[in-house]
Every structure is written in structure tokens, then in C-alpha cells.
Amino acid sequence: MIHKEKMQSAIKNFEECSPLFTALGDKVRQKLILDLADAGFKGINVQNLAAKSLLSRPAISHHLKLLKDAGIVDLTKKGTESFYRLCIVDKLPIFKRLIEDIESIIADMDDEERKFFYRKTSE
């Protein structure tokens with residue numbers, strides 16, 4: 001049985017990670033994240049991101065908005081242009097806390113329960 005405090009912590013961290021999982025769960029956004037990482041600190045505009053994709057500029061903008069709302073992407077304006085940059089490093093501690101919660105819950109299980117979590121998914 002999971003300790004109440006650990007359960008509450010895990011629930012809180014799952015809730016905090018939920019928008020991140022949603023944002024990261026889409027293949028288009030995963031590609032955009034890699035393109036943003038490739039663009040580096042200076043960032044990249046929607047036009048240049050669209051040139052790397054088969055998607056339209058409005059579609060790219062939609063995905064960027066979702067990433068921005070999740071706190072994974074930052075927007076900087078230079079004159080009339082908007083540049084997007086990756087800022088996912090700020091979110092890593094949230095993932096780490098969730099992983100630590102899950103590891104702690106598994107560590108508290110008896111050997112028989114723990115075996116279930118380590119079995120191969122093909123079984």
C-alpha cells in the first residue's frame with residue numbers, strides 16, 4: 001500500500017506534468033522541439049520553422065502556442081518578427097520529482113509487487 005504522503009506528492013507531480021506530457025506527446029511538436037533546439041539561443045521564426053516542415057505557418061503557430069502555454073517554448077520579439085526558443089530545461093525538475101516519487105513508491109513495495117513493475121511488456 002502506498003503511503004498517503006507519497007500518493008499525494010505523486011498526484012501533485014502528475015498534475016504538474018500533465019500539460020507537459022500533452023505538449024510533448026505529439027510528433028509534430030516533438031519535431032518542432034528538435035528544430036528549436038537546433039536553432040539555438042537566438043531562436044527561429046515561424047517562417048523558417050515552416051520551411052523545415054510540410055505544415056502551414058498557421059499550423060506551426062498553433063503548435064508553438066501549445067508549447068508556449070506548456071512553458072516549453074519562449075517567445076522573443078525583435079522589431080516586427082517573433083522568434084521562438086526552447087526553454088524546456090526549466091521543466092526538468094518537474095519531471096525529476098515525478099520520477100523520484102514513482103521510484104520511491106516502487107522501493108516501498110515488497111519483492112513480489114516490485115517484480116510486477118519490472119516485467120517485460122511483451123509478456
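**Notes on the model**

1. Let me begin with the surface. The protein exposes about 8600 Å², and carbon and sulfur atoms supply 58% of that area. Accessible areas come from the Shrake-Rupley method with a 1.4 Å probe, and for residues only the protein chains shown count as cover.

2. A word on what we are looking at. This is a predicted model, in which local features need pLDDT of at least 70 and side-chain atom pairs count only at pLDDT 80 or more, while totals for chains, interfaces and linings use all residues. Residues are numbered from 1 along each chain as its sequence is written, and side-chain values use heavy atoms, with hydrogens and water left out.

3. Now the fold. There are 6 helices and 2 strands in the protein; these are DSSP runs numbered from the N terminus, with helices being H or I of at least four residues and strands being E of at least two. Read from the N terminus, the order is α-α-α-α-β-β-α-α. The protein is more spread out than a compact globule, because its radius of gyration is 19 Å, well over the 14 Å that the globule rule gives for 123 residues. That radius is taken over C-alpha atoms, and the rule is 2.2 Å times the number of residues to the power 0.38. The C-alpha trace spans about 60 × 30 × 20 Å along its principal axes.

4. Buried means under 20% relative accessible area, exposed means over 50%, and partly exposed is in between (1.4 Å probe, protein chains only). Among contacts with a separation of 6 or more, 57% are between residues 24 or more positions apart, where contact means heavy atoms within 4.5 Å.

5. Next, charge. The protein carries 21 positive and 19 negative side chains, and the centres of the two sets lie 9 Å apart. Here Lys and Arg count as positive and Asp and Glu as negative, with His and the chain ends not counted. Each charge is placed at NZ of Lys, CZ of Arg, CG of Asp or CD of Glu. Searching the whole structure gives 7 salt bridges, each defined as a side-chain nitrogen of Lys or Arg within 4 Å of a carboxyl oxygen of Asp or Glu.

6. Which parts of the chain does the salt bridge between Lys 6 and Asp 108 tie together? The two side chains meet at 2.3 Å, N to O. Lys 6 lies in helix 1 (residues 4-24) and Asp 108 in the loop between helix 5 (92-107) and helix 6 (111-117), so the pair ties together parts that are 102 residues apart in sequence. Both residues are partly exposed, Lys 6 at 23% relative accessibility and Asp 108 at 42%.

7. Within helix 1, Lys 12 and Glu 16 sit 4 residues apart, about one turn of the helix. Their side chains form a salt bridge of 3.8 Å, N to O. Lys 12 is partly exposed at 49%, and Glu 16 is partly exposed at 31%.

8. Another salt bridge pairs Lys 52 with Asp 38, whose closest N and O atoms are 3.5 Å apart. This pair links distant parts of the chain, 14 residues apart: Lys 52 is in the loop between helix 3 (46-51) and helix 4 (57-69), and Asp 38 is in helix 2 (residues 27-39). Lys 52 is partly exposed at 40%, whereas Asp 38 is exposed at 58%. Elsewhere, salt bridges that share partners join Lys 12, Glu 16 and Arg 97 into one network.

9. Do take a look at Asp 101 in helix 5. Asp 101 is buried yet has no salt bridge, and the nearest side chain of opposite charge, Arg 97, is 7.0 Å away. Leaving out residues up to four places away in sequence, Asp 101 touches Ser 9, Ala 10 and Asn 13.

10. Finally, Cys 87 lies in the loop between strand 2 (81-86) and helix 5. Cys 87 is partly exposed, at 21% relative accessibility. Setting aside neighbours within four places in sequence, Cys 87 is in contact with Gly 71, Ile 72, Val 73 and Asp 74. The C-alpha atoms of Cys 87 and Asp 74 are separated by 6.2 Å, with the two residues 13 apart along the chain.
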